[in-house]
Amino acid sequence: MAYYEDLSQYGYFTETIPPGIDAVSVGWLDPGHAYPAAAPAPLFADRLFALACDHLSTITSRWHGCRLCPRRLFGGGRTYPVRVTRNGREILVGHGEIRLQTRLGQWLIAPDLIVHYVITHHYAPPDPFVEAVLEGRVVAHTL
């Protein structure tokens, strides 16, 4: 999976962005780049998990593993798809995006792995993303 700095111009599936929409990246992490970290608030983690369950977009044809997790000692590589469990429910992540929007209409696009990054690695997304998650501002239109 590609690395993009938080709030930089989105550049992955650009053909899915309608003309005139400003879309930025959130949570496209890589072990070679530091990221802000803090334990997530339970309400934020719960709502982010729910969005990953119910509002995925731009589903890909292959799975991406977590490059932040250590490699397995035997068998090589990293485990994927990544499993995330919250409140007794399990989902697989690494094959889609979560698309939200700010109050001003800017799109905030994150890989669905962001759920794992937040819960397991304590990645702290930028405030506009946290606010959009807490307010449930899902992008209603995707191509």
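These legends describe close-up views of a predicted model.

View 1. Four strands form an open sheet in the order 1-6-5-2, and their pairing is mixed. Strand 1 and strand 2 (56–57) are the edge strands, each pairing on one side only. Strand 5 (residues 97–101) pairs with strand 6 in the antiparallel sense, over 5 bridges. Helix 1 lies across strand 2 and strand 5. Its direction makes an angle of about 115 degrees with strand 5.

**View 2. Strand 6, residue by residue.** Is strand 6 enclosed or open? All 5 of the 5 residues in strand 6 (residues 107–111) are buried, so the rest of the structure largely encloses this strand. In a regular strand, side chains alternate between the two faces of the sheet. Here Trp 107, Ile 109 and Pro 111 point one way, while Leu 108 and Ala 110 point the other way.

**View 3. Partners across the strands.** Follow the bridges out from strand 6. Ile 109 is the bridge partner of Ser 25. Pro 111 is the bridge partner of Glu 97. Trp 107 stands opposite Gln 101. Strand 5 and strand 6 form a hairpin with 5 residues between the strands. In this hairpin, Gly 105 takes a positive phi near 95 degrees.

**View 4. Ser 25 in strand 1.** Ser 25 is found in strand 1. Is Ser 25 buried or exposed? Its relative accessible area is 0%, so Ser 25 is buried. Which residues does Ser 25 contact, leaving aside neighbours within four places in sequence? They are Tyr 4, Glu 5, Asp 6, Leu 7, Ser 8, Gln 9, Tyr 10, Gly 11 and Ile 109.

**View 5. The largest nonpolar core.** In soluble globular proteins, nonpolar side chains tend to be buried together. The largest nonpolar core in this model has 27 residues. Leu 48, Ile 98, Ile 114, Val 115 and Phe 129 have the most contacts inside this core. Several elements give two or more residues to the core, including strand 3 (82–86), strand 4 (89–93), helix 2 (114–121) and helix 3 (127–135). The largest share, 5 residues, comes from helix 1. Apart from this core lies another, of 8 residues, among them Tyr 10, Ile 17, Trp 107 and Val 139.

**View 6. Ile 114 and its contacts.** What does Ile 114 touch, not counting residues up to four places away in sequence? The list is Val 26, Gly 27, Leu 48, Ile 98, Tyr 123, Pro 125 and Phe 129.

View 7. The whole structure holds 6 salt bridges. One of them joins Asp 30 and Arg 67, with the closest N and O atoms 2.6 Å apart. The pair links distant parts of the chain, 37 residues apart. Asp 30 sits in the loop between strand 1 and helix 1. Arg 67 sits in the loop between strand 2 and strand 3. Asp 30 is buried at 12% relative accessible area, whereas Arg 67 is partly exposed at 37%.

View 8. Glu 90 forms a salt bridge with Arg 83, and their closest N and O atoms are 3.2 Å apart. Glu 90 is partly exposed at 46%, and Arg 83 is exposed at 54%. Glu 135 forms a salt bridge with Arg 137, at 2.7 Å between the closest N and O atoms. Glu 135 is partly exposed at 41%, but Arg 137 is buried at 15%. Arg 103, Glu 135 and Arg 137 are linked in a network of salt bridges.

Note on methods. Residues numbered from 1 in each chain as written. Predicted model: local features only at pLDDT ≥ 70, side-chain atom pairs only at ≥ 80, totals over all residues. Heavy atoms only, no water. Buried < 20%, exposed > 50% of the residue type's maximum accessible area, 1.4 Å probe, protein only. Pairing = 2+ DSSP bridges. Core = buried A, V, L, I, M, F, W, Y, C linked by side-chain atoms within 4.5 Å. Contact = heavy atoms within 4.5 Å. Axes fitted to C-alpha atoms, helices over the stretch in contact; angles between N-to-C directions. Salt bridge = Lys/Arg side-chain N within 4 Å of Asp/Glu carboxyl O.
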